[in-house]
Amino acid sequence: MSERQFSRVFKAEVGVTPSEHVEGVRLEAACRLLETTSHAVDHIARICGFRVPETMNRSFRRRLNTTPGDHRRHFGSLAEQ
């Protein structure tokens, strides 16, 4: 199956493109780490597969309408301590 055909079939079956799916999985992982750890945002960006923190920041703004820091302040369990 060609890459182009795979993308078509993936979108038809899952409802999003492969790259949108990967970004969503990365964002889920980043959110979980922001909520449960005290790791630096730069570190979380790297371990979640974003090459640079700015890419993660743009993804947060585009898909969640917030920033990683604001997400941590709002949902992080460490913020309550």
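Predicted model: local features only at pLDDT ≥ 70, side-chain atom pairs only at ≥ 80, totals over all residues.

Trainee: What length does helix H4 have, and how does its reach relate to the expected one?

Mentor: Helix H4 covers residues 53–64, which is 12 residues, and from its first C-alpha to its last it reaches 16 Å, close to the 16 Å expected at 1.5 Å a residue. After H4 comes Asn-65, with a positive phi near 55°.

Trainee: Which residues of H4 are buried, and where do they lie around its axis?

Mentor: The general idea is that an α-helix has 3.6 residues a turn, so residues three or four places apart point the same way. In this case Met-56, Ser-59 and Phe-60 are the buried residues of H4, and because they fall within an arc of 100° when seen down the axis, they line one face of the helix. Arg-61 and Arg-62, on the other side of H4, are exposed.

Trainee: What covers the buried residues of H4?

Mentor: The cover includes helix H2 (18–36), helix H3 (41–47) and helix H5 (68–75).

Trainee: Which residues make up the largest nonpolar core?

Mentor: In soluble globular proteins, nonpolar side chains tend to be buried together. Here the largest nonpolar core has 11 residues, among them Leu-27, Ile-44, Phe-50, Met-56 and Phe-60. H2, H3 and H4 are the elements that give two or more residues to this core, and H2 gives the most, with five. Leaving aside residues up to four places away in sequence, Ile-44 touches residues including Ala-30, Leu-34, Met-56 and Arg-72.

Notes. Residues numbered from 1 in each chain as written. Heavy atoms only, no water. Helix = DSSP H or I, 4+ residues; strand = E, 2+ residues; numbered from the N terminus. Expected span 1.5 Å × (residues − 1). Buried < 20%, exposed > 50% of the residue type's maximum accessible area, 1.4 Å probe, protein only. Arc of directions from axis to C-beta. Contact = heavy atoms within 4.5 Å. Core = buried A, V, L, I, M, F, W, Y, C linked by side-chain atoms within 4.5 Å.
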